[in-house]
Amino acid sequence: MAIESLQARDYGGRRTIKEDGNVAIRSLEALEKACENKNIYDVILEDDCMERGVTREESEKKMADLYAAIQHSAQNYTPTLRSASGMAGGDGAKMRSYVKAGKTICGDELGQVIAQALEMGENNACMKCIVAAPTAGSCGVMPAVLLPYQKRMGLSDEEMVRALYIAGAIGQAVATKASIAGAAGGCQYEIGTASAMAAAALCYLGGGDAEAICHAAALAIKSLLGLVCDPIAGLVEVPCIKRNASGAMVAMCCADMALAGIRSAVPPDEVIMAMKDVGDKMDVSLRETGLGGIAGTPSGVKIADELRLAYGHLNG
């Protein structure tokens with residue numbers, strides 16, 4: 001269930017963490033109802049145990065492993081490392097330096113969020129260990145909001161693991177009702193879902209109930225509705241990495257709105273279905289084919305052609 005939306009990947013083959021499963025709670029309305037007399041964390045955890053046939057301890061250990069993988073990836077960012085294409089790498093370090101200089105428009109805390117998102121996205125592009133949340137291309141959103149928040153609030157790893165369950169349930173609901181693949185309906189499915197998951201996790205950590213959590217997710221999806229998937233040369237680098245930073249900022253905004261008592265005028269499940277409707281209508285050139293959007297600009301096409309000549313196997 002929730003764990004299925006979070007997977008650790010190491011492209012170097014050093015380690016892989018993946019747990020498959022099914023989710024009994026297939027809608028956010030059902031999730032809210034299940035939480036009327038029970039804590040949302042317990043509802044999701046018990047559902048995972050039942051569906052996968054594991055003990056509470058086994059489920060929590062698996063999720064703890066995923067959070068440890070997120071921490072490991074964040075701690076092992078290499079500023080000098082560049083992706084094979086040369087398009088990605090080093091921007092996270094630039095952002096960190098800018099934040100340290102005290103000149104940011106957003107302030108230190110938001111500056112750290114942006115830096116973390118960029119670093120995690122660059123880790124993915126440079127084939128380092130990351131946690132797909134829910135995909136590799138959107139792997140920077142969740143760490144960007146959770147790691148700085150944990151440090152600022154002095155939260156334990158156990159509390160963060162609980163938040164991952166909340167995020168995972170949101171991701172699974174989206175995957176069940178729509179999709180989490182950019183190729184199916186644009187980057188709204190990837191960054192949009194990641195932002196919804198992160199918003200839900202933050203809302204939970206901030207003391208929000210099930211209703212607030214589901215509406216935080218809905219607000220995030222609405223904010224990124226229609227976002228296209230247009231990677232240059234088909235590589236998950238440009239503009240993908242920087243969109244992780246934008247998705248993280250949206251997540252924080254929506255979590256705060258939900259905690260303030262603001263609700264989506266359209267029910268969360270209908271918001272997810274609206275995203276599916278938009279994705280179904282999206283032109284194929286805007287669904288991870290590397291043909292439209294940023295990838296289809298003169299500069300995007302030129303970069304793709306140069307990479308194709310250099311490597312020969314890239315899809316345009």
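Biologist: So helices are DSSP runs of H or I with at least four residues, and strands are runs of E with at least two, both numbered from the N terminus. With that in hand, where is proline 134 found?

Modeller: Proline 134 sits in the loop between strand 2 (130-132) and helix 6. Keep in mind that this is a predicted model.

Biologist: Thanks! Is the peptide bond from alanine 133 to proline 134 cis or trans?

Modeller: That bond from alanine 133 to proline 134 is cis, and its omega is near 5 degrees. Most peptide bonds are trans.

Biologist: Which residues does the other cis peptide bond join?

Modeller: Valine 238 and proline 239 are joined by a cis peptide bond, with omega about 5 degrees. Proline 239 has its place in the loop between helix 10 and helix 11.

Biologist: While we're on backbone, what is phi of methionine 127?

Modeller: Methionine 127 has a phi near 65 degrees, which is a positive value in a residue other than glycine. Most residues other than glycine have a negative phi. You'll find methionine 127 in the loop between helix 5 and strand 2.

Biologist: Let's switch to pockets. How much space lies in the largest pocket?

Modeller: The largest pocket holds about 510 Å³ of space.

Biologist: And which residues lie nearest its centre?

Modeller: Val145, Leu147, Pro148, Tyr149 and Arg152 lie nearest the centre of the largest pocket, out of 21 residues that line it. Two or more lining residues come from each of helix 3 (56-75), helix 5 (108-125), helix 6 (141-153) and helix 11 (240-259).

Biologist: Which helix gives the most to that lining?

Modeller: Helix 6 does, giving seven residues to the lining of the largest pocket. By class, the lining of that pocket has 11 nonpolar, four polar and six charged residues.

Biologist: Helix 6 again! At roughly what angle does its axis cross that of helix 3?

Modeller: Their axes cross at roughly 90 degrees and come within 11 Å. Angles of 65 to 115 degrees count as roughly perpendicular, so helix 3 and helix 6 are roughly perpendicular to each other. Tyr67, Ile70, Gln71 and Ala74 of helix 3 make the contact with Pro143, Leu146, Leu147 and Gln150 of helix 6.

Biologist: Nice. Now helix 10 and helix 12: at roughly what angle do their axes cross?

Modeller: The axes of helix 10 (residues 210-223) and helix 12 (residues 268-281) cross at roughly 25 degrees and come within 9 Å. That makes helix 10 roughly parallel to helix 12, and the crossing is left-handed. On the helix 10 side the contact uses Cys214, His215, Ala218, Ile221 and Lys222, and on the helix 12 side Pro268, Val271, Ile272 and Met275. Those residues divide into seven nonpolar, one polar and one charged.

Biologist: Last pair, then. Is the crossing of helix 7 and helix 9 left-handed or right-handed?

Modeller: Helix 7 and helix 9 have a right-handed crossing. The axes of helix 7 (residues 157-177) and helix 9 (residues 191-205) come within 8 Å and cross at roughly 140 degrees, and the two helices are therefore oblique to each other.

Biologist: Which residues make that contact?

Modeller: Helix 7 contributes residues including Ala163, Ile166, Ala167, Gly168 and Gly171, while helix 9 contributes Ala196, Met197, Ala200, Ala201 and Tyr204, among others. The contact of helix 7 with helix 9 has 12 nonpolar, three polar and two charged residues.

Key: Residues are numbered from 1 along each chain as its sequence is written. This is a predicted model: local features need pLDDT of at least 70, side-chain atom pairs count only at pLDDT 80 or more; totals for chains, interfaces and linings use all residues. Side-chain values use heavy atoms; hydrogens and water are left out. On a 1 Å grid over the protein atoms alone, a cavity is a set of points where a 1.4 Å probe fits but cannot get out, and a pocket is an open set with protein on both sides within 12 Å along at least five of seven lines; lining residues have an atom within 4 Å of a point. Grid points are joined across faces, edges and corners, and a volume is the space filled by probe spheres set on the points. Ala, Val, Leu, Ile, Met, Phe, Trp, Tyr, Cys and Pro count as nonpolar, Asp, Glu, Lys and Arg as charged, and the others, Gly among them, as polar. Axes are lines fitted to C-alpha atoms, for helices over the stretch in contact, and angles run from 0 to 180 degrees between N-to-C directions. Angles under 35 degrees count as roughly parallel, over 145 as roughly antiparallel, 65 to 115 as roughly perpendicular and the rest as oblique. Contact means heavy atoms within 4.5 Å. A crossing is left-handed if the near helix is turned anticlockwise from the far one by less than a right angle, and right-handed if clockwise.
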